[in-house]
Amino acid sequence: SAHIESDLVNILFTEEEIQAKLAEMAKLIEADYDGKDLLMVGVLRGAVMVMADLARCLDRHLEMDWMAVSSYGSGTKSSGVVRILKDLDTDITGRHVLVVDEIIDTGLTLSWLISNLSSRNAASVEIATLLRKPEALAMPVEPKYVGWDIPNEFVVGYGLDYQERYRNLRCIGTLAPHVYS
Ligand code: PRP
Ligand code: MG
């Protein structure tokens with residue numbers, strides 16, 4: 001179909017629900033970082049939408065930077081080895097860093113990223129994620145800000161892709177079986 005949303009069999013979160021959740025998260029972040037500088041670090045590529053919308057919910061000054069990381073070798077994450085494809089442009093020494101991602105699945109990406117960033121003498125390193133899959137978690141990751149916990153099923157939209165598609169959906173949902181065949 002020409003309408004990509006018609007590939008969804010179930011919508012978990014509408015655009016309105018996502019924006020309301022980000023506004024809630026922004027209130028908590030504003031309170032916690034009151035009087036502190038804030039450097040938001042987005043994890044490319046999935047976090048682009050969350051970063052853009054969460055940052056615009058925040059009524060305060062902030063900076064944004066980006067990292068791109070990848071599983072080592074074959075592209076499977078099971079090795080737990082991650083490499084940096086694009087590092088920060090910012091020296092985070094003494095900075096309050098808030099890592100922004102749209103989903104914590106196994107936790108491998110962010111557990112590695114947090115330990116990497118923690119070795120750079122930041123003043124603090126915390127995580128904000130829109131989604132988390134508690135049942136899939138294989139590594140200890142403790143995000144300070146979580147939008148929703150979701151079941152361990154494959155979701156797309158709002159930055160989340162299937163074969164690089166569906167990131168531009170405004171909602172989050174599950175794909176109809178015909179998409180996979
Ligand atoms: C996805 C997602 C998270 C990560 C979560 O990114 O955006 O960054 O996987 O999975 P994990 O908790 O099991 O590590 P992906 O590496 O697929 O790249 P993308 O952001 O470019 O889609
Ligand atoms: Mg990602």
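Reader: How far does α1 reach from its first C-alpha to its last?
Author: Helix α1 has 18 residues. Helices (H or I, at least four residues) and strands (E, at least two) are DSSP runs, numbered from the N terminus. The expected span is 1.5 Å times one less than the number of residues. That gives 26 Å for α1, and the reach is close to this value, at 26 Å.

Reader: What kind of model is this?
Author: Residues are numbered from 1 along each chain as its sequence is written, while chains are lettered from A and ligands numbered from 1 in the order in which they are written. Local features need pLDDT of at least 70, side-chain atom pairs count only at pLDDT 80 or more, and totals for chains, interfaces and linings use all residues; this is a predicted model.

Reader: Which residues are buried in α1?
Author: A residue is buried if 20 or more other C-beta atoms lie within 10 Å of its own, exposed if 12 or fewer, and partly exposed in between; C-beta atoms are placed from the backbone. By this count, the buried residues in α1 are Ile18, Leu22, Met25, Ala26 and Ile29.

Reader: Which exposed residues does the face of α1 turned away from its buried side carry?
Author: Look at the other face of the helix. There α1 carries the exposed residues Glu16, Leu28 and Ala31.

Reader: How many bridges join β2 to β5?
Author: β2 covers residues 39–44 and β5 covers residues 96–104. Methionine 40 has leucine 98 as its bridge partner, and glycine 42 has valine 100. The two strands run parallel, and the number of bridges is four.

Reader: Which residue in β6 stands opposite isoleucine 104?
Author: β5 and β6 pair in the parallel sense, over eight bridges. Opposite isoleucine 104 stands arginine 132.

Reader: Which helix makes a β-α-β unit with β5 and β6?
Author: The unit is right-handed. That is, with the strands pointing away from the viewer, the path from the first strand over the helix to the second runs clockwise. The helix covers residues 108–118 and is α3.

Reader: Which residues does leucine 54 touch?
Author: Leucine 54 lies in helix α2. Leucine 54 has 27 other C-beta atoms within 10 Å, so it is buried. Two residues are in contact if their C-beta atoms, placed from the backbone, lie within 7 Å. Not counting residues up to four places away in sequence, leucine 54 touches Leu22, Met25, Ala26, Val100 and Ala128.

Reader: What do the buried residues of α2 pack against?
Author: Met49, Val50, Met51 and Leu54 are the buried residues in α2. They pack against α1, β2, β3, β5 and β6.

Reader: Which peptide bond is cis?
Author: Most residues other than glycine have a negative phi, and most peptide bonds are trans. Arginine 45 has its place in the loop between β2 and α2. With omega near 0°, the cis bond runs from leucine 44 to arginine 45.

Reader: What is the phi of tyrosine 158?
Author: Tyrosine 158 is in the loop between β7 and β8. With 25 C-beta neighbours inside 10 Å, tyrosine 158 counts as buried. Its phi is positive, although it is not a glycine: about 50°.

How values were computed: Two strands pair if DSSP finds at least two bridges between them.
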